[in-house]
Amino acid sequence: MEERKQFLCGVVEGFYGRPWSLDQRKVLFQWMQCWGLNTYLYGPKDDLKHRLLWREVYSPEEEGQLRTLILEAKSRGLRFVYALSPGQDIVFSSACDLTLLKRKLRQVSDLGCQAFAILFDDIDHSMCQADTEAFSSFAQAQVTVTNEIYRFLGEPPIFLFCPTEYCSSLCSPSVSKSPYLQTVGEALLPNITVVWTGSKVISRRLSVDCLAEVKCVLQRAPLIWDNLHANDYDSRRLFLGPFKGREPRLRSHLRGLLLNPNCEFEANFVPLHTLGSWYRAGKWGRKDEECEYCPDKALSAALRDWMEELNQPLQAGRQTPQTEKCGCKTSDRFDCPPASRGPSSIAKLPVLPLNSSSPPSSPTRSKRLGDGKEGERMRTNQPHQPYQQLPEPRPEATFGKGRGKKAQGQGLCGGKGLLSETQVRLLIGLHYLPHEQGPSAHKMLQDLTWLKTNCHLVGANSNKAPPQKIDEWRSRASRFLSLCEDIVQLHCSVVGGANRAVLYDLYPYVWDLRNTALVAKAFICWLDGRVLSDGSSLGSWKNCFHCEEALPLWCGKSTGPEQQGRESEPWVFKGGVSGEVQMLLPIGSCSDLFTHPPPLYPTSRRYNIRPYQNKDKVELYRMVRQLYMRNQGGQESSAVHPDVIGDRCLGPCLALSPEYGFILEDELGVCGCVLGILDVRSFAKRCQASWLPAMRDKYPTKGGHAYPYTQDLVKLMEEDQGEYPDSLLYHFPSQLRLDALPDLVDISISRTLLNALLAALKANGSQGVFCEVQPTDQQRLEFLTKLGFLEILRGEARSREGLVLGRLL
């Protein structure tokens, strides 16, 4: 009887996606015991024998693992609740299915489990013909089977039932008038607890008032299955913020509350730590201020404990050399059970790479291209290591200030260093809660929105703005760029940190945000002095951005739907902070440009993307000469006319369209570039008028210094400016060229570089862009295809054989 009354508070492993491992669950139980939580519900949706193959019993090996887990929970003082989800294909009127259901639960009961749950969530309401004839309603069928199973198991003190209408938004027509819920409330045996998620599948707030109605209909206090930190609906979102929006006094109106957290195990330290603080608040009936739950204070306490975890040399499985550390200091002013401080050995998890379609890199040392005869310094790259064996710390260069110079005031970007508290707060602030942005994300989106809206102050051909307004724009731009740089450094620190277990789970998210920050940073730099005003012939900034229907902005701490006076589920807007920054960029609607799997072997190499500067010309010419000579040869002409390859490949764009150039650089200097032409028609006319005459003067056809190979390239320069068909330029008025050194470990950085240019072209009115590739250059062709280009035209753009790839913006 006492067990039936105790409040159940803990974790439900009920998300879609790869289930946690046995070792991760053992660590979870350590955390739960340490933080005072008492219940674990096993119900991972992608465990085949939990849901899809629920009729099948566990094998002897699986039995052993499940028995171990049940005993581990019991040793930690936790209730282990086993859940089964037969609703997808069960025939409620079938004696055979009922027998199989009993057999499966009896097997788990024999392993020592004493608490159970039957889940009928996320299934179709329809019934087969046999069930329609046997039961008066869908709810009656579920209740009948549930009551039968409950009696068969001996009426255990903890038995949960998850209805198909498990939140207010799923009830038809409403909670109080739902025939389904009325049947459940009347027919379900009184000691069976009903699971509920709140007003929504993912509820922003839970209050006593919002639960009173459902409690009345169900005729019992519900148990909350809380999806506040669940992230299985969006692969780009993670929730590291505190447990929030749930009144502590809910305890007296509920049977319990179980948090369904992030799929990534290591991301749940702060959510579960703060859940423990919430549960303990007022647990002993004290009314003093120390027992009031404050999310911000709970977050600070959790952060202090998490800092110790983050900077431990933990491998997958969280194996430590000596004793475990569960992070249960009394920083949140609550006592921790003494038993939780005992040692325990945790087996090491298997080491698996991150999901990626990219092939593993070669373990041998690679070298960047060099002109051996010219004595140019070779650029070396560290061996491509899996992230259990990243290279030791090395000095970091200041971008744009020469190669190899040590950065001032910067942390190390490699090796196994320490994450600072400032960086961890930044990490949490950028991955906060589904209905609320953290401080860092709020500031980032607010500044980007303001800079975008007021970019006319620094436009290329705008009217003169007051100096104080220009200074304000540049001051806010500087603040925004500084935050982007902090995000880049955060990515390096996570990759180079000591805790490999955390890296496994957090890397895809910090990597994605790093790439988005690089694009946004480059684009804001580009706006100053380069964006056109409404006078552009191709379009205007307003045409691209000022359509309110297309901008679901999260400019404040609330989401877009709530700003518009309505509440929606958080999956309505994808991508989290990365997605919101993306939507504020000109190419935000081209979601495929931002979709790319993380590299198989993460690297802590630090990248920067910025607009082209005149001083970059020498380095770019050197880079394309190295690339060209490697693929085509031509050392003789290069020795006499070292600029000829650069003049052909890059010269026209750098001379006539430098405002659409972006540079990619790492710690060693320039390693890539992308150059663009806004209007190919007008650009071709300018080339004919000025560039080609200058090239004929620079490389004369007569005299003793002319070399045949050089003259061939000069002729190709003239052919390069040939006319393109109107059918192409009508849809794709802009052109680009992308070059990058071949030792880039992460191909997505080239996509990020490309996105910076596409954003600039779209901002000034371009509706499409193309690039030309020789059919024999299969490597470049495949590379550009991976970057999101579509093949649209063959053999028609030139008199010679060619291939044109393009995409609409």
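This is a predicted model: local features need pLDDT of at least 70, side-chain atom pairs count only at pLDDT 80 or more; totals for chains, interfaces and linings use all residues.
## Basis

Local features need pLDDT of at least 70 and side-chain atom pairs count only at pLDDT 80 or more, while totals for chains, interfaces and linings use all residues. Residues are numbered from 1 along each chain as its sequence is written, and side-chain values use heavy atoms, with hydrogens and water left out.

## Helix H8

Helix H8 spans residues 208-218; helices (H or I, at least four residues) and strands (E, at least two) are DSSP runs, numbered from the N terminus. Val208, Leu211, Val214, Val217 and Leu218 of this helix are buried. Buried means under 20% relative accessible area, exposed over 50%, and partly exposed in between (1.4 Å probe, protein chains only).

The buried residues of H8 pack against helix H7 (179-187) and strands E6 (193-196) and E7 (223-226).

## Helix H6 and Gln142

Gln142 belongs to helix H6 (residues 138-152) and is buried, at a relative accessible area of 0%. Its side chain makes a polar contact with the side chain of Tyr180 at 2.4 Å. A polar contact is a pair of N or O atoms within 3.5 Å; within protein, one must be able to donate a hydrogen and the other to accept it, and residues adjacent in sequence count only if both atoms are side-chain atoms.

Leaving aside residues up to four places away in sequence, Gln142 touches Phe92, Phe120, Ile123, Phe161, Thr164 and Tyr180, where contact means heavy atoms within 4.5 Å.

## Salt bridges

The structure holds 24 salt bridges, each a side-chain nitrogen of Lys or Arg within 4 Å of a carboxyl oxygen of Asp or Glu. One of them joins Glu148 and Lys102, with the closest N and O atoms 2.9 Å apart. Glu148 is in helix H6 and Lys102 in helix H4 (residues 95-110), 46 residues apart. Glu148 is partly exposed at 32% relative accessibility, whereas Lys102 is buried at 17%.

Arg479 and Asp447 meet in a salt bridge of 2.5 Å, N to O. Arg479 lies in helix H13 (residues 467-496) and Asp447 in helix H12, so this pair ties together parts 32 residues apart in sequence. Arg479 is partly exposed at 40% relative accessibility; Asp447 is buried at 1%.

## Leu53

Leu53 is found in the loop between strand E2 (39-42) and helix H3 (60-75). Leu53 is partly exposed, with a relative accessible area of 31%.
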